[in-house]
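Hi everyone, thanks for coming along. Let me put the structure up on the screen, and then we can walk through it together.

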Amino acid sequence: MAELLTGAARDARREAVGVLGEALRELVDATVRTEVDADELAAVAGAARELAARLRVAERGLRDIATVDDPAAGERWYSPVYGPGSPIAPPLSVDTSADGRVTAHATLPKAHEGPPGLVHGGTIATLLDHVLARALRTAGHGGLTATLTVTYRRPVRLGVPVVLAAAVTSTEGRRATAHATIASAEDPDTVLAEADGLFVALRPDAAASTFAGMSHAVSAWSARP
């Protein structure tokens, strides 16, 4: 079990992780847009497998947390939503305030396409779910998604900068709700999709069971003592 990094060591590795993640996002974008011939596809596939083998020389298990993460704060550097190291994250840039309000920005690439030229509805739901959870965590309320209701009002287009906003709407014990919207950055007042979420913080015993076998303690999804 690798120890979590801190200080300068973590900063240095996070920078390297982010550089690799950016390069891999470029590769993913090229992969889903390329029309090179079959021989070139085969050659690139071979090169990709060679690179994967180099990375697998030292890898963590499926339930192990990355050394660059901060699980107590919910910072996941390989998150598929916002992780700088993830090859599939948009990524999402998030700003928070202490009162539980979140503003986030992203531009969705071809890899997140649903109908031609449009962002996949599942990706939209994922982004909304994340900013809802981030708003609650910012306000000091941990928890997992219990229900998520998404209303799609207008298409979200690929390659168009979007802005997401989320805010806490209620808290009662271990339960909390929040509301989020997504709009184009050029027209933030026109809602393209919105969501309401109910989140429930885990009791300590439930958290221990849910995250059993994790390499490090996880508290960001638990009820506060």
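This is a predicted model: local features need pLDDT of at least 70, side-chain atom pairs count only at pLDDT 80 or more; totals for chains, interfaces and linings use all residues.

Let's begin with two strands: β2 (residues 101-107) and β4 (residues 161-172) run antiparallel and are joined by 7 bridges. Strands here are DSSP E runs of at least two residues, helices are H or I runs of at least four, and both are numbered from the N terminus. Two strands pair if DSSP finds at least two bridges between them.

Residues are numbered from 1 along each chain as its sequence is written, and side-chain values use heavy atoms, leaving out hydrogens and water.

Now step back to the sheet. In what order do the strands come? The 6 strands of this open sheet follow the order β1-β2-β4-β5-β6-β3, with antiparallel pairing. At the edges stand β1 (93-96) and β3 (144-152); each has a single partner strand, so one side of each has no neighbour in the sheet.

On to helix α1, residues 7-33. Buried residues in α1 include Arg 10, Val 17 and Gly 21. Buried means under 20% relative accessible area, exposed means over 50%, and partly exposed lies in between (1.4 Å probe, protein chains only).

How many salt bridges does a search of the whole structure find? There are 6, each a side-chain nitrogen of Lys or Arg within 4 Å of a carboxyl oxygen of Asp or Glu. In one of them, Glu 75 meets Arg 14 at 2.9 Å, N to O. That pair links distant parts of the chain, 61 residues apart: Glu 75 is in the loop between α2 (38-55) and β1, and Arg 14 is in helix α1. Arg 14 counts as buried because its relative accessibility is 11%, whereas Glu 75, at 30%, is partly exposed.

Another salt bridge joins Arg 76 to Asp 69, with their closest N and O atoms 2.9 Å apart. Here Asp 69 is buried at 2%, and Arg 76 is partly exposed at 31%.
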